[in-house]
Amino acid sequence: MTDAVARIHAALADAGVTGWLHALDIDSGEQLDAGADQPVCTASVHKLCVLVALHEQAARGALDLAEQVESVPQARTAGPTGVAAMLDAARMSLRDLAYLMMAVSDNAAADLLLRRVGLDAVNATTERLGLTRTRAVHSFGEMLATVKEDAGAEGARALADPRVVSRLRALDPARTNRSTPRDMTRLLGAVWRDEACTPEHGAAMRRIMGLQVWPHRLASGFPFDDVHVAGKTGSLPTLRNEVGVVEYPDGGRYAVAVFTRTAHTAATLPAADAVIGTAARIAVDALRARAFRSSR
């Protein structure tokens, strides 16, 4: 595994990012640690925690996933996708909001679910699952509000200035929604082993995660028709993350969490996105090679 970790760090450096990774064979428990316990800002990756809390409450009858929710434009959290980008009022079920939250990282959908579930319930869920270093401290709208406030009068244009970015509370794990790569693979393992919830709700969560539309990060490392990738991205200025599960046709299942930071403030950095897939592929290949050697 030492060689794989070195290759991961080299790939991250070549892409101009600093990164932290944990990969877990969901069934055997074998793992690869490349900074697995580093505190990280989750950004939209924390929507996975919201999803699990939602289904936990549904499983015990505290809410009905078919329950309808009204969304009006003036009360929505901002964002470029889903309900957040719509101009008119909308009405949809909690389960459809969950789909938008995960598939296109819809901020408005996520905060509508948080209003129904509650931030305390999200933290109670992660605590129950043993994620001792994972904490939600604010909604996604509140997180974005800190970015706007910290950017100052120039607004979004100021985020091109590294000095402004360096003071963003949303990029400080001590002051924002946070976790570690190891905590996130533990959560994914619990979802895939039906330990986070009942099998019915576990299957629903896995389905939704498999519908994510973004192929440019984790999935880019596994360009095969017979390999399935289900994941959740997270992005903020200089920050690109993804956590997910890679499933092979031979039954191998691997949870991977990759969190990265870069000094570049550009919103579009293809190499920084793609290296998440590269690093994940190196990690999964190492886990599969170890399993093959052990079976001989």
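Start at S105, which sits just after helix α3 and takes a positive phi of about 55°. Helices here are DSSP runs of H or I with at least four residues, strands are E runs of at least two, and both are numbered from the N terminus. The model is predicted: local features need pLDDT of at least 70, side-chain atom pairs count only at pLDDT 80 or more, and totals for chains, interfaces and linings use all residues. Residues are numbered from 1 along each chain as its sequence is written, and side-chain values use heavy atoms, with hydrogens and water left out.

**Stop 1: helix α3.** Select residues 94–103. Seven of these 10 residues are buried, so α3 is largely enclosed by the rest of the structure. Buried means under 20% relative accessible area, exposed means over 50%, and partly exposed lies in between (1.4 Å probe, protein chains only). Colour the buried set: L94, L97, A98, L100, M101, M102 and A103.

What do the buried residues of α3 pack against? Show α2 (47–59), β4 (68–71), β5 (90–93), α4 (107–117), α9 (199–209) and β7. Contact here means heavy atoms within 4.5 Å.

**Stop 2: D194.** Go to the loop between α8 (181–192) and α9. D194 has a positive phi of about 60°, although it is not a glycine. At 27% relative accessibility, D194 counts as partly exposed.

**Stop 3: strand β7.** Select residues 228–236. Seven of the nine are buried, so β7 is largely enclosed by the rest of the structure. Check two positions across the pair: A230 stands opposite V245, and G231 stands opposite G244.

**Stop 4: the hairpin turn.** Two residues lie between β7 and β8. Pick T238 in that loop. Is T238 buried or exposed? T238 is buried, with a relative accessible area of 5%. T238 also has a positive phi of about 70° without being a glycine.

Stop 5: Show the open sheet of five strands, in the order β2-β1-β9-β8-β7, with antiparallel pairing. β2 (31–34) and β7 stand at the edges, each with a single partner strand, so one side of each is left without a neighbour in the sheet. The twist averages 10° from one strand to the next. For that angle, axes are lines fitted to C-alpha atoms (for helices, over the stretch in contact), and angles run from 0 to 180 degrees between N-to-C directions.

Definitions and conventions
Two strands pair if DSSP finds at least two bridges between them.
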